[in-house]
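Work through the two exercises below with the structure open. Each task is followed by a stepwise solution.

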Amino acid sequence: MSLSARHARWVLPAAILLLATAALLSLGIGDVRLSPARIWAGLLDRDSMASTVIWQIRLPRVLVGVLVGAALGAAGLIMQAYFRNSLASPDLLGVSTGGAAGASIAIASGWAAISLWSLPAAALAGSFLAVGAVLILARRGAGTERLLLAGVALNALLGAVTAYILSESTDLFQRNAQILFWLMGGLEDRMGMHVMIALPIPLAALLLWPLGRQMDLLSLGEAEAQSLGVDVRRLRRRLIAIATVLTATATAVAGTIGFVGLVVPHILRLIVGPEHRRLVPLTLVGGALFVLVCDVVSRMAGNLRLGIVTALVGGPFFLWLLRREP
Amino acid sequence: MAPETRTLISLEIAGATVPGRIRGISLRLAPGSIVGLVGPNGSGKSTLLAVAAGILPATGAVLWADRPIASLDPLERGRSAAWVPQEARFEFGFSVRSVVAQGRFAHGDDGEGVDEAIAAMDLAGLASRPVNRLSGGERQRVLMARALATRAPLQLWDEPLAALDPRHALEVLFLARRLADAGSTVLLSLQDLRLAHCLDALALVEKGALRSFGPPSEVLTAEALASVFGVRARTVPGLIFELP
């Protein structure tokens, strides 16, 4: 059912247009409703009230949402090509559970209260430690299957750490609520500082951009790709590094948000086909669009957690798409 | 098909050993030859082909045109040798044409010879179909077409005939003949010993070791067939296929 090449060309411009619309909507919707004209005035500092709402609250939120969505969408695409499986997602190697464990420890120990930077820093540390452990456990250069199994083991271990922290003193309701909120992801109260933490995301995306063609070959078989001239070891190293930076950074600024990395590449592949040179830019834009739309929905539904909305919106849409597949 | 004839590549394998799979296999193929690799299941044919293709590391040496493959960069390897795996599995629905075009990766994706390769493998009618919806034999032909599109002078095919109907199997053998006549070196494994009999030379592997290497009549002796394959052989007039 994927579109012909002639039509597929228009999917990226259309997605960018939709993303711009969603960003505008996201800037306008909230406790204070702003018309597009007032958004414009606010951006240019001509309306002090609108200006404060936009520059202090909504623009950071939109920017973080765009960056997080782009990161998760592209990281999902990388993992699906890497593991040659359209059901792979960015959390396979323990990046998000590592971040979650790091954040939970930071909140439970009180570090998170010391500075606004300590929570994202702890999450980042947790993510990188987790992936480092998986890579060491799987041993360098070993096949994807070992890597997957090491990831499964570490995911279970780190999930247990978070569960232990939550269960160890159930009377600390406030503290546990904070951890649970973080585990369900969200974009509220994001600030310029979070945008700054998320800046590695566009850098990683730039590094990913030229790898699309090699991802095509890798996604049809490691040995085949190597025999056709791809430096598979180097490519795999780069892909893991890029996916880790994308997912770890996204998790550090917005908590764990599931489903984006699985569903966005999958849907886009159904629409434009499996060519990665097309999918890399599209998953960046599509992931951003999906997260922004889910964030708008979450605000309109009385501040439902973002991680819940991505699953609630994404799940049924995904099922509907799969039903249409012959 | 007009393969590039300017580079001729000999294949030399010297004492290749992969623990538990093959041991001490040495083999030399001159440019322009077709050699069939025969042996029972699990005897090490696929391992040997993967070693020859530089995909599976082995102790011992593998040389293409007298150069150790470790000294070649990945792109140069991609231009020198094409390897066709035994089983063609595709997770993603790339079109037949785009998979065949991947054969040009090491040539900067110039798209040259892609249409000829598609035609040679009788895939023109399937060119825009997604590869993950094809039958086993069709998928095998897609991989063969991709290997042809590389125009690599060294062609290493792992049981390319296994899933093919008689006509396409015969066409693959004729193609190997044309490639070799133009100077390519072709090493292919096969189970059909009657077809193997038509090749220039055969290498018989048994339990990971090379048992014999030479003209088919000297390799597939009644004695070897009995001891290696456990079958008795007789020469009788039977069904002979030819391309019309």
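**Exercise 1: a surface patch**

Task: Which residues make the nonpolar surface patch of about 410 Å²?

Solution. V293(A), V297(A), L304(A), I308(A), L312(A) and V313(A) make the patch. Patch residues have over 30% relative accessible area (Shrake-Rupley, 1.4 Å probe). Nonpolar side chains are joined within 5 Å.

Next, assign helices (DSSP H or I runs of at least four residues). α15 (276–300) and α16 (306–324) of chain A each supply at least two residues. α16(A) gives the most, three. V313(A) lies in α16(A).

The model is predicted: local features need pLDDT of at least 70, and side-chain atom pairs 80 or more, while totals for chains, interfaces and linings use all residues. Residues count from 1 along each chain, chains are lettered from A, and side-chain values use heavy atoms, without hydrogens or water.

**Exercise 2: a helix pair**

Task: At what angle do α4 (48–82) and α10 (200–208) of chain A pack?

Solution. The angle is about 35°, with axes 10 Å apart. Axes are fitted to C-alpha atoms over the stretch in contact, and angles run from 0 to 180 degrees between N-to-C directions.

Conventions
Patches are made of residues with over 30% relative accessible area and no salt bridge: like charges are joined within 9 Å, nonpolar side chains (Val, Leu, Ile, Met, Phe, Trp, Tyr) within 5 Å. A salt bridge is a side-chain nitrogen of Lys or Arg within 4 Å of a carboxyl oxygen of Asp or Glu.
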